[in-house]
Amino acid sequence: MSSILLDSLKDDLDETSRNALTTDPKLYQSSQKYLEDLLINDELLSTEQFTTTATNSKTVTQEIAELDLQQHQINKQLSSLTDSHKDLIIDVNHDLNEINANLTNDYQKTVSALKKSITIDESKYHPSTPNKLFQDSILSNIDTVLDILELPTLCRLCILQGNYQESLEISIFIKSLIIRFPKLQIFKTTSEQIEIELQVMLKGLLKLLNTNLKQNHILKIFQILSKLETIDDASLHRIYLNSRFKFIVNEVASLQPILKFNKLTYMKRFVEVYREHIYSSIHVYYTIFKNEVDKLLLNQFVTALATNLCHEFVTCMPFISKTTTATTAVSTPTNSIESDLELRNSIDGLILQLIYLCKSLSTYQFEFEPILLSELCYKHDLISESDWIRNSSKIKKYK
């Protein structure tokens, strides 16, 4: 019996298991024995007994009877609840039917009535075809639009990194867009923001001009300033001369600590600063403006510096003479002669520096010497005319 059952079941197995069962006698015998045990076990094949998960064993018939009883009790409870609330159920059913009828039949009429009572500009919600095409064009070029909006920030970064020429190119680019698309407000707004950044750049460059710059740096700055629309040619002249004047005044002001120890040394360094920077400033001015030189403005620049120099001489020279007189009074005759000779040589050296300064400026046809002679020799009598002529002759002699 078991062998017949095994042969019939073997056909349903996969090919590997079926071959193993055919070729392996031990496996075949163990499978046959397992089937025999199942066939002779009455408890496993019996349908009379059924064990539930509960602690007490019940038959299938008892379980079915209990379930039927529970179902009958639940149906009885539902019937009782329905009888006690039948009025409410009827009312709710009536309301639902009414709502359904209104939604089905009156919805379209209600919507049409609302549309007639409320005026709606449908063009706002259903744009025309040209506007829709325009919006689609903007969305398709959104990256380009964002790049344009970032131009003010890019201009600021260029300025912070010292790339002033690139910031000017950004300004020129946005102005070309305004010319091509004069009705687009976005380009005008962006241009205004860029102009604000350029004003910040202008303030920074003006501060930079007040420092000790080399000639090529000054030339580059004025190339940039000349391209700004907010500055005209006349302003460029005033900007240059004003910045150089401030720089020279700041340089001589830094010599103030020397004044406390030795006034003669202070005056020599004062004149050296003038000799070094006035001539170079005028030379760079002629290099920048070439045939557009403003002689009147340049003469005011030189005259203001000459007046400042004369004021320092008037302040310091009397103290130099008093100090020498006091030293002579407390020293021996020999030491007095030596100190007096040393003072004269120092003053002659100072006068020679003034003469060299006047000669250097005369190459640009500026009469610096008459101003000094008028203030120092004739008006305040700080330097004698004979000392000036004597030192001037030294220059001619060595030439």
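Arginine 269 and glutamate 272 share helix α16 (residues 263–289), where 3 residues, or about one turn of the helix, separate them. Helices here are DSSP runs of H or I with at least four residues, and strands are runs of E with at least two, both numbered from the N terminus. The model is predicted, with a pLDDT of at least 70 needed for local features and 80 or more for side-chain atom pairs, while totals for chains, interfaces and linings use all residues. Residue numbers start from 1 along each chain as its sequence is written, and side-chain values rest on heavy atoms, without hydrogens and water.

- A salt bridge requires a side-chain nitrogen of Lys or Arg within 4 Å of a carboxyl oxygen of Asp or Glu.
- By this rule, the model contains 5 salt bridges.
- One of them joins the side chains of arginine 269 and glutamate 272, with an N to O distance of 2.7 Å.
- Arginine 269 has a relative accessibility of 32% and therefore counts as partly exposed, the class between buried (under 20% relative accessible area) and exposed (over 50%), computed with a 1.4 Å probe on protein chains only.
- Glutamate 272 is also classed as partly exposed, because its relative accessibility is 33%.

**The salt-bridge network at arginine 390**

- Asp348, Asp387 and Arg390 are linked in a network of salt bridges.
- Aspartate 387 and arginine 390 are 3 residues apart in helix α20, so about one helical turn separates them.
- Aspartate 348 counts as buried because its relative accessibility is 9%.
- Arginine 390, at 34% relative accessibility, counts as partly exposed, and aspartate 387 is partly exposed with a relative accessible area of 21%.

**The pairing of helices α11 and α12**

- The axes of helix α11 (residues 164–180) and helix α12 (residues 185–209) come within 10 Å and cross at roughly 155 degrees.
- Each axis is a line fitted to C-alpha atoms over the stretch in contact, and angles between N-to-C directions run from 0 to 180 degrees.
- On the side of α11, the contact (heavy atoms within 4.5 Å) includes Tyr164, Leu168, Ile170, Ile174, Lys175 and Ile178.
- On the side of α12, the contributing residues include Phe187, Lys188, Ile194, Glu195, Leu198, Met201 and Leu205.

- Most residues other than glycine have a negative phi.
- Lysine 290 has a positive phi, near 50 degrees, although it is a residue other than glycine.
- Lysine 290 is found in the loop between α16 and α17 (295–329), and with a relative accessible area of 58% lysine 290 is exposed.
- Aspartate 381, likewise not a glycine, has a positive phi of about 55 degrees.
- The loop between α19 (368–379) and α20 holds aspartate 381.
- Aspartate 381 is exposed, with a relative accessible area of 58%.
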